Amino acid sequence: MSNRSWALLAALLVGLAFYAGHQRGQAGAGAGLLPVASRPGRPVATFDGISISAEELKAQIEEQPSYVRARYSSLAGKREFLDSIVRFELMAREAQRRGMLKDPEVVRQTKRNLVSLFVQREFEEAQKKIPVPDPELQKFYDEHLSDYVKPERVRVADIFLEAPAADSARRGEKKTQAEALLAQAKVRDPRDFGAFAELARQKTDDPAGRVTGGDLRFLSQDELEKRAGAEVAQAAFALREVGKVHEQVLETAQGFHLIKLLGRENPLNLKLDDVREAIRNRILYDRRSQSYQQFLADLEKKAGLVVEEKALDEVKVDIGPGVPPPGSLPPAPKERVGIPPPPMEEVRP
């Protein structure tokens, strides 16, 4: 928000206080009307017992982008800009005279602006002035090292056909199926990721893979080895071309795998100096959040807040047609009927 906007908001708040009974007695300003925010200086326009100063006009013009300021450098341009200020103020004062300052929507919007200004000044600006010492930056970096130092990772889709090594008959059958599926996958366009995903939903023996289309998300080589076996991990990291299906069926003690490379992430090795400013901003954000939450808790306690749960529960909310109630899942698509849905993620406000 610009300085001009804050100034107008401050003026509006003063006006609300006036209506609440805090009389100001500004001669010539109009009884009960908001004062006009204007820097002190020589007047360039006087109306309704108040004035706009040359300093205020200059400041407002200089808030505009350079290509706009050029338009208002001449006398005619400055007069045009001044006219817009004066007319805005006259309209605002006439609206106040007609009682619109007390309109519920104006009061609601004023409260929103008031809270926004209060939060900015009391939490954001105040926290920025508090330095973050180097030991605190180092501590944060060490505690979140995995965010800044990461191994190479790949994202693969996997079709898994279960066949334990001890079951030789089943193993032979599954290997034949896997080779047939590989032939189908290899003739598809490498850019058609949906085709492989659909094949995984239909054929994989991995319950999670039937939901995700075989997508294992990004994993390091160690993580992928734990998930699917060393054979799969080595083959996945050997793939270089995104969209490529591995040329062979991969055999493990648990069964057979077909994999397609969906993406690759280079290793990350950021030092503290590389992320110092980002960490500083994160620490300041966390400070503001903690301070803000504590401040709200103190306000609620001071005000003696009591929530009537029964009355709250009886408030009926019209959510409109076709919207499922909170906590419910939408119906599964026809081709997915009978497949367990993925776990719901935690919903955060």
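This briefing walks through the main features of the fold, topic by topic. The model is predicted, so please read every value below as computed from that model. The protein chain has 349 residues, and 29% of them are buried. Its secondary structure comes to 14 helices and eight strands. Among contacts in the chain with a separation of 6 or more, 64% involve residues 24 or more positions apart.

**The four-stranded sheet**

- Let's begin with an open sheet of four strands, which follow the order β5-β4-β7-β6 with antiparallel pairing.
- The strands β5 (215–220) and β6 (250–251) sit at the edges, and each has a single partner strand, so one side of each is left without a neighbour in the sheet.
- Strands β4 and β7 are joined by ten bridges in the antiparallel sense.
- To find a landmark in this pairing, look for F160, which stands opposite H257 in β7.
- Here is a handy rule for viewing any such sheet: in a regular strand, side chains alternate between the two faces.

**Helices on the sheet**

- Helix α8 lies across β4, β6 and β7, and its direction runs at about 40° to β7.
- Helix α12 (residues 230–238) packs on the sheet too, where it touches β4, β5, β6 and β7.
- The direction of α12 makes about 35° with that of β7.

- Helix α9 covers residues 193–203, and its buried residues are A195, F196, A197, L199 and A200.
- What do the buried residues of α9 pack against? Their partners are β4 (153–162), α8 (168–186), α10 (207–212) and β7 (255–265).
- The structure holds one cavity of 30 Å³ or more, and the largest cavity has a volume of about 60 Å³.
- The lining of the largest cavity is made by A185, R188, D189, D192, A195, F196, L199, V245 and K260.
- Helix α9 gives the largest share of that lining, with three residues.

**Aromatic pairs**

- How many aromatic pairs does the structure hold? There are six.
- One of them joins F123 and Y292, whose rings are edge-to-face, with 5.5 Å centre to centre and 90° between the planes.
- F123 belongs to helix α5 (residues 104–128) and Y292 to helix α13 (residues 272–303), so this pair ties together parts that are 169 residues apart in sequence.
- F123 counts as buried because its relative accessibility is 6%, under the 20% cut-off.
- Y292 is partly exposed, with a relative accessible area of 30%.
- F123 and Y292 also belong to one aromatic cluster with F118 and F295.
- Y141 and Y148 form a stacked pair, because their ring centres are 5.4 Å apart and their planes lie at 10°; stacked means planes under 30 degrees apart.
- Are Y141 and Y148 buried or exposed? Both are buried.

**L137 and its neighbours**

- L137 lies in helix α6 (residues 134–143) and counts as buried at 4% relative accessibility.
- Leaving aside residues up to four places away in sequence, L137 touches V132, L272, R276, I279, R280 and I283.
- The C-alpha atoms of L137 and I283 are separated by 8.1 Å, although these residues are 146 residues apart along the chain.

- Strand β1 (residues 43–47) and strand β2 (residues 50–53) run antiparallel and are joined by four bridges.
- In this pairing, A45 stands opposite I52 in β2.
- The hairpin of β1 and β2 has two residues between the strands, and D48 takes a positive phi near 55° there.
- D48 is placed in the loop between β1 and β2 and is partly exposed, with a relative accessible area of 34%.
- R217 also has a positive phi, near 65°, in a residue other than glycine.
- The place of R217 is in strand β5, and at 48% relative accessibility R217 counts as partly exposed.

Methods
Residues are numbered from 1 along each chain as its sequence is written. This is a predicted model: local features need pLDDT of at least 70, side-chain atom pairs count only at pLDDT 80 or more; totals for chains, interfaces and linings use all residues. Side-chain values use heavy atoms; hydrogens and water are left out. Buried means under 20% relative accessible area, exposed over 50%, partly exposed in between (1.4 Å probe, protein chains only). Contact means heavy atoms within 4.5 Å. Two strands pair if DSSP finds at least two bridges between them. Axes are lines fitted to C-alpha atoms, for helices over the stretch in contact, and angles run from 0 to 180 degrees between N-to-C directions. Rings of Phe, Tyr and Trp (its six-membered ring) pair if their centres lie within 6.5 Å; planes under 30 degrees apart count as stacked, over 60 as edge-to-face and the rest as tilted. On a 1 Å grid over the protein atoms alone, a cavity is a set of points where a 1.4 Å probe fits but cannot get out, and a pocket is an open set with protein on both sides within 12 Å along at least five of seven lines; lining residues have an atom within 4 Å of a point. Grid points are joined across faces, edges and corners, and a volume is the space filled by probe spheres set on the points.
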